[in-house]
Amino acid sequence: MVTSSEDPYHRLANGVRKPDPTLGTRQEERAIVEPVPPAPEPLRAGAPAHVRPKRERVVLADARQVPGRMRGRIELEEQTSWGKRLVGDLVKAQLRTSVLLAVLVVGVLGTLPVLFFLLPGFARFTVIGIPVPWIVLGLLPFPFLFTVGLWYNRLAEGHERDFVDMIEN
């Protein structure tokens with residue numbers, strides 16, 4: 001039997017019992033029943049009670065890295081004159097590539113109207129009732145521009161890869 005001194009809800013304060021704190025709360029909330037994990041398998045005869053996990057080596061930094069390899073990165077981070085020159089050379093290579101490909105696109109697409117002006121017979125030719133200039137100027141530039149964009153992306157990534165290789169070596 002539980003006495004009033006052992007039960008915290010039935011302590012007397014000035015001769016009056018304290019109310020139960022759970023009074024007035026909703027009792028609709030039910031306890032969540034979690035599944036019980038299965039019982040462990042019994043140990044086999046001769047099997048060790050504990051198997052050591054395999055050791056793994058964690059390398060956070062390569063200690064064998066030569067200090068000279070870090071020089072290029074430090075030059076770039078500190079923005080020294082040499083680091084600025086390296087970045088400037090990368091920007092110039094990227095700009096040169098973009099200007100050359102822009103000249104190619106303008107040259108190819110800009111000569112088409114001139115070609116149709118100089119060859120009016122070619123401009124009057126139709127395919128399935130659609131004039132050839134409409135097809136050439138309305139449809140063909142899109143695959144051409146997509147191809148030039150892929151080419152530029154490949155060249156730009158090559159410049160960046162060369163830059164990283166130069167910094168790391």
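Student: Where is Thr 97 placed?

Tutor: Thr 97 sits in helix H2. Helices here are DSSP runs of H or I with at least four residues, strands are E runs of at least two, and both are numbered from the N terminus. Before we go on, this is a predicted model, where local features need pLDDT of at least 70, side-chain atom pairs count only at pLDDT 80 or more, and totals for chains, interfaces and linings use all residues. Residues are numbered from 1 along each chain as its sequence is written, and side-chain values use heavy atoms, with hydrogens and water left out.

Student: Thanks! Is Thr 97 buried or exposed?

Tutor: Thr 97 counts as buried, because its relative accessibility is 10%. Buried means under 20% relative accessible area, exposed means over 50%, and partly exposed is in between, using a 1.4 Å probe and protein chains only.

Student: And what is Thr 97 in contact with?

Tutor: If we set aside neighbours within four places in sequence, Thr 97 is in contact with Tyr 152, Leu 155 and His 159. A contact is a pair of heavy atoms within 4.5 Å.

Student: Let's hop along. What about Phe 116, buried or exposed?

Tutor: Phe 116 also lies in helix H2. Its relative accessible area is 9%, so Phe 116 is buried.

Student: Which residues does Phe 116 touch?

Tutor: Not counting residues up to four places away in sequence, Phe 116 touches Phe 122, Ala 123, Pro 133, Val 136 and Leu 137.

Student: Switching topic: which residues of H5 are buried?

Tutor: The buried residues in H5 are Pro 141, Val 148, Ala 156, Gly 158, Phe 163 and Ile 167.

Student: What span should helix H5 have?

Tutor: Helix H5 covers residues 141–168, and at 1.5 Å a residue its 28 residues should span 40 Å; the end C-alpha atoms are 40 Å apart, which agrees. The expected span is 1.5 Å times one less than the number of residues.

Student: Where does UniProt put the "transmembrane region" feature?

Tutor: The unreviewed UniProt entry places it at residues 99–119 and 131–152. Those positions are in the numbering used here, feature names are shortened, and annotations may be inferred rather than shown by experiment.

Student: How much helix is in residues 99–119 and in residues 131–152?

Tutor: Residues 99–119 are 95% helix and 0% strand, with end C-alpha atoms 30 Å apart. Residues 131–152 are 86% helix and 5% strand, and their end C-alpha atoms lie 32 Å apart.

Student: What share of the residues counts as buried?

Tutor: 13% of the 169 residues count as buried. On contacts, 58% of those with a separation of 6 or more involve residues 24 or more positions apart.
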